[in-house]
Amino acid sequence: MTLLSVRGVGKRFGGLQAVNDLSFDVATGSIKALIGPNGAGKTTIFNLISGFLHPDRGEIVFGGTAVHAMPSFQVAARGMVRTFQHIRLFPKMTVLENIMVGRHVHSRAGFLAGMLNLPFTWGEERRIKEKSFEIMDLLGIVPHAETEAISLAYGQQRVVEIGRALACEPKLLLLDEPAAGLNMRETKEMGALIARIRDMGVTVLLVEHDMSLVMKISDEVVVVSYGEKIAEDRPLAIQKNREVIRVYLGDDEC
Amino acid sequence: MERKHFAIAGFAGLIVAIQLATRLTGTEYFLTQLTMTAYYSLVIVGLCMLIGYAGQISLGHAGFFAIGGYVSAFLTTFDLKSHHGAFISLMERSGALVSRQDIYGGTLLTVHPWIACAAAILLTVAVAYLVGGPVLKLKGHYLAMATLGIGIIVYRIVLGTEFLGASDGISEVPGFPLPGGLVITGDSSSRISNYYLAWGVVILGMVLLLNLIRSRVGRALAAVHGAEDAAGAMGIPTARYKLHTFVLSAVFASLAGVLLTHFNGGIGPSEAGVMKSVRYVAIVAIGGMANLWGALSMSLVLNYLSLRGYFGTYDDAVFGVILILIMMFAPDGLLRRHLLSDLKRLVSRTPAGEEAP
């Protein structure tokens, strides 16, 4: 079953065709990787899918609904939640509070209820906290619950950011270079974590430069170059694809 | 009891202590300025919510204060006796109008202060939504400039409108009746009750805002303030949250305008002036931006000193200087941890020119 479908999407910035007629599907319950050389348009594609940018052409269908015209918060509320290439945790907030923000779409206390401290919000706050601790427990970050999130080590900040996304209980998790800046051991752990998230029933689409990670955990790989798809296949086949090798290594070498 | 409750109880204790002190020293006339300080403090805490917690600046809040004050002043002083029509007679029959004597002994038929207050708040909400929608799309300096524009527009309108008294403003505004025979009025006979009423309103406002900060919405606002794109990615409608906070703080300013106008018995165009808005922002800044208690205590001190005339003719200049000094040396405000050590470092360090950038 297809959870996300990108159909003929194009995006132009002034004279630059950043993404051109791009199409691919993400199957429910799979891990799909989006790879390509620097400047290939991977982050632009991510921004288009998550509602941070809107395509000039084509459509993006998520769970049967066209989402390409929606603002990012509506896309998130529908169950497609992203992380950022440069970690974007909320400063001056603890790890717990960061993850509690992730429960936003699953709670409803508004301005009036908050100001009047209405009784229904008490139970809601308690459930938000419980769920947040559940997620921190899953990720092994409970000891850092009361630490300011941005004071943690880089690798742990990544984990908190993923925890915050998981708190939204997404159907599709978009990870923008989850291994960037991590050392080898952390990268390995990140790979195991992503596989675990998939096993929990969350579909994953990731942009990643670390080829060993991509080849190990992905069910399918899409390769883009200059905003166009040049290959889409299983990891092993991608490794042997002549066009992919040409794009990554240049013509002369092969 | 939580810490929040201790702080509120402590502040209420301070208010009582100040009143007792004026009684013991025979300086109860200070209570008039202290009451006015309370209403200005209501503007400050509302603005603190907007600037400190939602991360949006407004240099136009004196405009919202003036909208509240002027609408209420106009409706409660405009004589409807010679006006006839279905709407007015309907209002009269439903009790929305009151008849009272003016100072010359004639009778006036005006809108009831409660209805006037409701109208003032409604107009404020409408204006805040209308201008807030497009204006809050701007960030930083641009938002400051645009809100400054709003303030200037309101100022020029009240200054140039004949039926709002032009440069004289509106006077002879009646008291604001409350249940239990209480009246918000500047009469010296009800000085003490008005002092407590005013600070009671401020404390109520504080309770509401402190609750809000600790709620789901407060967390969402902190998220919007800290990393707006990530907040959007968590499903928070960032534009809507900013707009609602803007409207909320405008309502605080407007209500303060209504009540202070009834307390003072009038309002003039200077209340809508740009320097008033700058003053509000300066006090929020010196209180530490995201610090409601800091803003409230600084408001108590500075507004009082200003109203007692301690700054003389340099009143506006003092607040300008405060804003400059705070931005340069203590951008986190005066009331915070590490202040003493920061000051020591400031005193002992090398002249500014020799410093590393």
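Analyst: A salt bridge here is a side-chain nitrogen of Lys or Arg within 4 Å of a carboxyl oxygen of Asp or Glu. The side chains of A:Arg88 and B:Asp229 meet that rule, at 2.8 Å, N to O. Keep in mind that this is a predicted model.

User: How many salt bridges across the interface of chain A and chain B?
Analyst: The rule finds two there. Residue pairs in polar contact between chain A and chain B number seven.

User: Which elements of chain A touch chain B?
Analyst: Those giving two or more residues include helix 4 (111-116), helix 5 (119-139) and helix 6 (154-167) of chain A. By class, that side of chain A has 20 nonpolar, seven polar and seven charged residues.

User: What area is buried between the chains?
Analyst: About 2,600 Å², with 68% from carbon and sulfur atoms. A:His104, A:Phe111 and A:Met115 supply 31% of what chain A buries against chain B, more than any other three residues.

User: Switching topic. How is chain A divided into domains?
Analyst: Domain 1 covers 1-79 + 171-254, and domain 2 covers 89-169. Their C-alpha centres lie 27 Å apart.

User: What do domain 1 and domain 2 of chain A bury between them?
Analyst: About 1,000 Å², 74% of it on carbon and sulfur atoms.

User: Which element gives the largest share of the domain 1 side?
Analyst: Helix 7 of chain A, with five residues. That side of domain 1 has 11 nonpolar, one polar and five charged residues.

How values were computed:
Residues numbered from 1 in each chain as written. Chains lettered and ligands numbered in written order. Predicted model: local features only at pLDDT ≥ 70, side-chain atom pairs only at ≥ 80, totals over all residues. Heavy atoms only, no water. Domains from an automatic or database assignment. Buried area = accessible area lost by both parts, 1.4 Å probe. Helix = DSSP H or I, 4+ residues; strand = E, 2+ residues; numbered from the N terminus. Nonpolar A, V, L, I, M, F, W, Y, C, P; charged D, E, K, R; others polar. Polar contact = N/O pair within 3.5 Å; in protein donor to acceptor, adjacent residues only side chain to side chain.
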